[in-house]
Amino acid sequence: MTQKKQHSALVKVIQSMAMAVRFVVVCLVLADIFLMSGLLERRIIPGVSQRIFGARINLWLEGRNPLYVRGLTIQGDNDAPLLYADAVSLRYRFSPFPTPPRIESVDALGLRLHVDGRNPDNPNYAFLLSHLEAGDSNTDASYWFPETFSASEISIRADMPDWSAAVTGLRVEARMEAMNDITASIHGRETRAAWQSGFAWPDVPETAGNVSATFGRTPESVTLATTIDLPDFLVLDGEGAFIMEPTPQVRLNMDSLELNGPLFGMLLSLYAPLDITFEAATIAPLHLNASLRDKFPLIEDAEIDAHVKNLALNYDGRPWYSGDLRIHATGSHETYAEAQWATTFGQGQRISGTFAADEAGIGLDATLADWTAAHIISLWPEPLVSYKPYLPEFQHVGATLSCRFQDDTITLDTTLSPLLSSGTTAAIAASGTYTLQEHEASIQGRMTLGDGHCTFQAAMGPATPLTATLSVEQMNASEALLLTPLPTLKDLDALVSATMDIQREENGAYHFSLTARTPTPAYGAWKLPETFDAPELSANGVLDADFSSIIADGALRLTEGVDVNLHAFHYNIRDSHIAARFNGSAELATLGPIFDQHDLWGDMTVAGAFSMHNWRNGEISPLHLSFDPLGYDHISLPYGQPLTLDLPIRFDLETLSVDAGPVHAALDEGTHFSADTIQVTPEGIMISSSLLFESDFSPLVAKQYLAAADGRIMVKVEDFAYDDTGLGGIATYNVNASQITLPENLANMQGVTLAGTASLRPHPSGKGTLRIDESLVGGITLRQTTGSFTLNEDRIVIENTNLSLLGGGVTGGIELRPFEAGIPIIVSGEANDIDLRLFTNEFDPPSLVLTGLVNGTFEAGFTSQQLTMLNVDLAAHENFSMNRDMVEQLLLQQYVGEMTGSRQMARMLESVIGKDAQRSFDSARLKLGLEDERIAGYAKLESAALDLTIDIMADPQAVLEALRARRQ
């Protein structure tokens, strides 16, 4: 049985008692027969009542008129009796048949009523249910009620599953001429009452006090006057009347009303859609004078001041409100009815307004002023918790509401003015209409925020779903976001213009389409370059019916050539979690300025999966990047060899920190890069515990820095760091190549090994060793080249290089600048005891045979494109000779214009050169340099009888071609 049925049973129990008494009266006809034997009391009355009512009636009868009933008990199947009376005196009179006998009076002593509903399956008043559910009878019940009734020492107790209550010490007196002519009074000088919530009935101290109430009913009115003084339970002093003729009127005047304990809230819950509990309620005064005119209620004057302490309103076990509540209202009717009212909640939140009614309709106005965010949060009902994330950040808010009802139309006008945490006040105004007959509604409004504004409109009806349009013009994003559940993005600085169309679907969800545009947005100190004039966002998606999540697809265009597409974007509003897949492309020359990299160029594609929690912590995993081509200033990767990167990225928007890794990058198939987690701090510092680079020389060959190569390069950097001072870390490198060929076949090196370490901070520095088993340079074979080298800032210096050459040796060094255009190389050194005979045998120059040992110095600079520097100074001082034919040819070229006659020339040559195959000289010197991009110099041969000087002028490209031809 529900609580409301339980309460109905309590209300109608008196009627049921009268039915039982009626049964007793009927039995009086047979009383004389059985009085002496006692069979009536012991057998017939209990048995018949059990069969008819489902409850046993036990009693002992004495006398006839008045009839005395001793020990009256009405009891169900359990041990707790529903009704017990110590003694009942009953007077009656008989009327001519068929009119039933009329009860003149009933006087009861020690009347105790106990309703036990703790077990709904077997209540002690179960026999009443069938009579209550059967409805009212057409029989005139006044014949079965006594003309007068009195009872003293009354006690009433009710035990229900959720509450219990008891009252004792009452006296009742009543008179009934007819069902519509009744007077009654209840009194009690030492009345006691107790109550308890819950199933159990512990020892609860009873409160004692006085009770006095009078009730009257006539064909024209119903009146009630009550005074109850039960401290800490119920205090009431008031009167009321309902006048039916000639015009229905209500008169209620209550000077004091105090309700204490949970019992009263539980009783109110029987008639309310919410479960109500409160600690105490004070209502004083409560006055109401109203009438019904033309079926319309008219309040002539009214006043109420109610204060409820620790009020709790719950629905389905979930709280809607918890705290104190105070309501004050006054109203009157002159030309039209008007009332002023105010409601104050637990933390001082106040809503006030007016209520008015006239020939034009009914109006309700409400004003809310200076509420803080804490005020609203403290009142937020738990069943609406899914909407709580939409509460904005503000210092305080004011609002007005005007509602009008006329004919079948309701019109609403409202304003809202929140003062945001930024100090800006938003002004929101909206108006709407709703027609009751057609069930159609529409609303439109405007919000102004700073220099920006937005407008919105919506409509719905039984034949059309909800449709709405939102338009935003130049709205400051950082302040607008303060009105949304995205406070983490409050540092976003942008003026947004956008349009959004919304339509409600059959399942209650909302489909939307959005386009937004913002010029040069910034986030904190980070600003999008001006070249990104106005990024655009377009999206289509669905918002769940309970506003718990958004699913959408969209596209973001930062500028021409920089586009990102979003797929399966899912925003869980309740958990503040975002997930999406994306892909896009960008021209790096356009994208680079975002990261202050203006010399970056190339094409990039991107794809990955994105997630973020609470608009703060996020992850992109996996993230796939591809670049082809990719360049920085004049340095670039080979065309046709894409650079790909695969890595997860984790970030924190609040601290602007990022960490990525593990990282894997690949350039084509032969070059790879890997790294442990790379961390980037808000200051732009990048650190990683380990980086590894490996390559098979293919990028250098593709860029034509090398003609060919077969081997591997490995560079490992530990404790890597990058900040405003440059790169940091310890690098270990190793090169193993079976063959390396320089461009234009300038050199071919075999068995190349290179190993060393370098410190990258504060300036790159390091040491290593070099070994080349064999080199072929310009047709000359160099063997067992060894040396040590150092890394110094932007160059590599190879020192103490020793190699075997033509029976002698060369000691020198090489300086390499790998980060400059053309990769400049400077070679310098000393030649010691180079055997010219071996040179003649190796090169086999035409018509030239040389002998002797050469010593000297050399220095040459060149790039992959040209010779940039040349200084050669070689001399032979011992055993230098040149074949007689070449000396003769040189002399003829030098002196042929000065002599006449072949016989004279022959005698002169023989006297100077002699007849031996080799002509010896005391010394020989070769000196070369670079003048006007050409090789220029001389060769000088000296002896006692002959000195020769030969001028040299050659094109470096011709020399290169000769060397290439020699190499081939």
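Buried means under 20% relative accessible area, exposed means over 50%, and partly exposed is what falls in between (1.4 Å probe, protein chains only). Keep that handy for the exercises below.

The model is predicted, so local features need pLDDT of at least 70 and side-chain atom pairs count only at pLDDT 80 or more, while totals for chains, interfaces and linings use all residues. Residues are numbered from 1 along each chain as its sequence is written, and side-chain values use heavy atoms, with hydrogens and water left out.

**Exercise 1. Work out which residues Asp873 meets in salt bridges, and where the partners sit.**

Step 1. Start with the term: a salt bridge is a side-chain nitrogen of Lys or Arg within 4 Å of a carboxyl oxygen of Asp or Glu. The structure holds 17 of them.

Step 2. Take Arg925: its salt bridge with Asp873 has the closest N and O atoms 2.8 Å apart. This pair links distant parts of the chain, with Arg925 in strand 54 (residues 923-931) and Asp873 in strand 52 (residues 867-883), 52 residues apart. Strands here are DSSP runs (E, at least two residues) and helices likewise (H or I, at least four), numbered from the N terminus.

Step 3. Now take Lys927, which also forms a salt bridge with Asp873, the closest N and O atoms being 3.8 Å apart. Lys927 lies in strand 54 and Asp873 in strand 52, so this pair ties together parts 54 residues apart in sequence.

Step 4. Check the accessibility. Asp873 is partly exposed because its relative accessible area is 22%. Arg925, at 37%, is partly exposed, and so is Lys927, at 33%.

**Exercise 2. Classify the salt-bridge partners Arg771 and Asp773 as buried, partly exposed or exposed.**

Step 1. The side chains of Arg771 and Asp773 meet at 3.2 Å, N to O.

Step 2. Arg771 has a relative accessible area of 36%, so it goes down as partly exposed. Asp773 has 34%, so it is partly exposed too.

**Exercise 3. Decide how the ring pairs Phe233 with Phe264 and Phe610 with Phe651 are arranged.**

Step 1. A pair of aromatic rings is described by the distance of the centres and the angle of the planes. Rings of Phe, Tyr and Trp (its six-membered ring) pair if their centres lie within 6.5 Å; planes under 30 degrees apart count as stacked, over 60 as edge-to-face, and the rest as tilted.

Step 2. The structure holds five aromatic pairs. In one of them, Phe233 and Phe264 have ring centres 5.2 Å apart and planes at 40°, so call it tilted. Phe233 is in the loop between strand 9 (221-230) and strand 10 (234-243), and Phe264 is in helix 6 (residues 263-269), 31 residues apart. Phe233 is buried, at 9% relative accessible area, and Phe264 is buried at 12%.

Step 3. Phe610 and Phe651 have centres 6.0 Å apart and planes at 15°, so this pair is stacked. Phe610 lies in strand 34 (residues 600-613) and Phe651 in strand 37 (residues 643-652), so the pair ties together parts 41 residues apart in sequence. Phe610 is partly exposed at 21%, whereas Phe651 is buried at 15%.
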